[in-house]
Amino acid sequence: MEQNAKTTRRSHPRTPARLTRRRALEVGALGCAGLFGADSIFSFLRRWKQDAEPADVFKGDAPSEAVWDLWRKRGWVREAQHYLKLDRNVQCKICPNNCLLEPGDRSHCRNKVNRGGTLYTLAYGNPCTFHVDPIEKKPLFHFLPGSRSFSLATSGCVFRCLNCQNWEISQKKPEETKDPQGGEFRLRPPVPPALTLGQIRRLSLFPEDLVAVAQDLDCPSISYTYSEPTAYYEYAYDSCRLARAGGLRNVLVSCGSIEERPLRDLGQYVDAMHVDLKGFSDDIYRKLNSGRLDPILRTLTTLKSLGVWVEVINLVVPTYTDDLDMIRRMCGWLVAHLGVDQPLHFSRFHPQHKLTHLAPTPVDFLVRARDTARREGLRYVYIGNVSGLADAQTTFCPNCSRPLIQRDIFAVAALDVVDGKCRFCNTPIAGVWA
Ligand code: SF4
């Protein structure tokens, strides 16, 4: 879709204007300083610029003509949704990175390019990985427990988390994970028992194929996961729409950094979302994830208003997010805005990607974090990525305190929620059970 936008004026007939928000700020500041006083205007602009400046993009990194042709022939290119045309420049409005691209540029998430003044995604119908996972692996503990979810991802991400556990796909371009050379290979039922790496690299899985494959594999849901579905929004959107029509549920596993309008468009087809709330400090978000806190909080409240089932995960990273006061404030916010029935998963950090010098999160800290969350009023608090810790992943009835769902890693060992209620005292248990 195309949104209305002012066009950029060229400074010279043959030289496209270099369009940046920095330039707009400079021009605006000169005009306003005389009216309101230079100090207050420039202080306001410094703060606003920090929030509104588009993310860094890959200048001149769009694919070559040969690669572009191969991508197009495979159907792996689609015009993007939710962007502005600004003369020959474009601005993506899917996530708060708001990438501003001149012709030939590639986006911050690596999946989009400006070609001739049109924004295209290169991540359509070309997942680089897929699996059938237990829904508990997402993790979602209050959503169709014990069910299997067809799970997939393309390359790309809107964040740069120092601790990313899937950086080998999230921090790659589509052309680094896929290879359209050779014959077309479109996955459809019946699904072969195994695929070679070469087949996966040239595999196409378009939305209609994805729905048919998930149904063939008896998966009641499709999960858009592993990397970041916001970075392959168009593919996820079309797939969610078709999956809903085909009677399947849709699950998003996301950092939650998405603008409100695309979230509302997509959210109407989403049944459950796991949102990584990576901390409760804008400063930590900038340092650890190159993101911002406010958009994530807005996503959480928007999802609640849309009636999407949400579970929140908080990875406790030593020296970054192992702060009990911050955790207490985060839990207070969850209770105030999402309610006491909002499930929260604390997850143990293990050294990876750019934080291999840090030790794993001490288990006793995770237990103290869980105690803090319970004191703040949250009823369903879990600890993940830890083995041998009793009841770390057990759901208890908030009324009679009996264990209702016991889990063994990703398997459900006992399930005493019947028709959405505690089997013993009939108290409703929040979640999606049927
Ligand atoms: S989705 Fe990608 S292209 Fe769009 S604003 Fe976010 S990072 Fe940029």
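**Briefing: helix packing, strand pairing and the ligand shell**

Helix α12 passes helix α13 in a right-handed crossing, a crossing being right-handed if the near helix is turned clockwise from the far one by less than a right angle, and left-handed if anticlockwise. This is a predicted model, in which local features need pLDDT of at least 70 and side-chain atom pairs count only at pLDDT 80 or more, while totals for chains, interfaces and linings use all residues. Residues are numbered from 1 along each chain as its sequence is written. Helices (H or I, at least four residues) and strands (E, at least two) are DSSP runs, numbered from the N terminus.

**Helices α12 and α13**

- The contact is made by Leu324, Ile327, Arg328, Cys331, Gly332 and Val335 on the α12 side, and by Arg368, Ala369, Thr372, Ala373 and Glu376 on the α13 side, where contact requires C-beta atoms, placed from the backbone, to lie within 7 Å.
- Of the residues in this contact, six are nonpolar, two polar and three charged, counting Ala, Val, Leu, Ile, Met, Phe, Trp, Tyr, Cys and Pro as nonpolar, Asp, Glu, Lys and Arg as charged, and the others, Gly among them, as polar.
- α12 spans residues 324-338 and α13 residues 363-376, and the two pack at an angle of about 35 degrees with their axes 9 Å apart; axes are lines fitted to C-alpha atoms, for helices over the stretch in contact, and angles run from 0 to 180 degrees between N-to-C directions.

**The sheet β18-β19-β20**

- Three strands form an open sheet in the order β18-β19-β20, with antiparallel pairing, and two strands pair if DSSP finds at least two bridges between them.
- The edge strands, each pairing on one side only, are β18 (395-396) and β20 (411-415).
- Two bridges link β18 to β19 (residues 403-408) in the antiparallel sense, and Phe396 has Pro403 of β19 as its bridge partner.

- β6 (residues 112-115) runs antiparallel to β7 and is joined to it by four bridges, with Arg115 standing opposite Thr118 in β7.
- Two residues lie between β6 and β7 in their hairpin, and Gly116 in the turn has a positive phi of about 60 degrees.
- β7 (residues 118-121) also pairs with β2 (residues 78-79), in the antiparallel sense and over two bridges; here Arg78 has Thr121 as its bridge partner.

**The ligand shell**

- The ligand is surrounded by 13 residues, the closest being Cys92, Cys95, Cys99, Ser107 and Cys109, where a residue is near if its C-beta atom, placed from the backbone, lies within 6 Å.
- The shell divides into seven nonpolar, five polar and one charged residue.
- Domain 1 (2-121) and domain 2 (129-422) each supply at least three residues of the shell, with domain bounds taken from an automatic or database domain assignment.

Technical notes:
Two residues are in contact if their C-beta atoms, placed from the backbone, lie within 7 Å.
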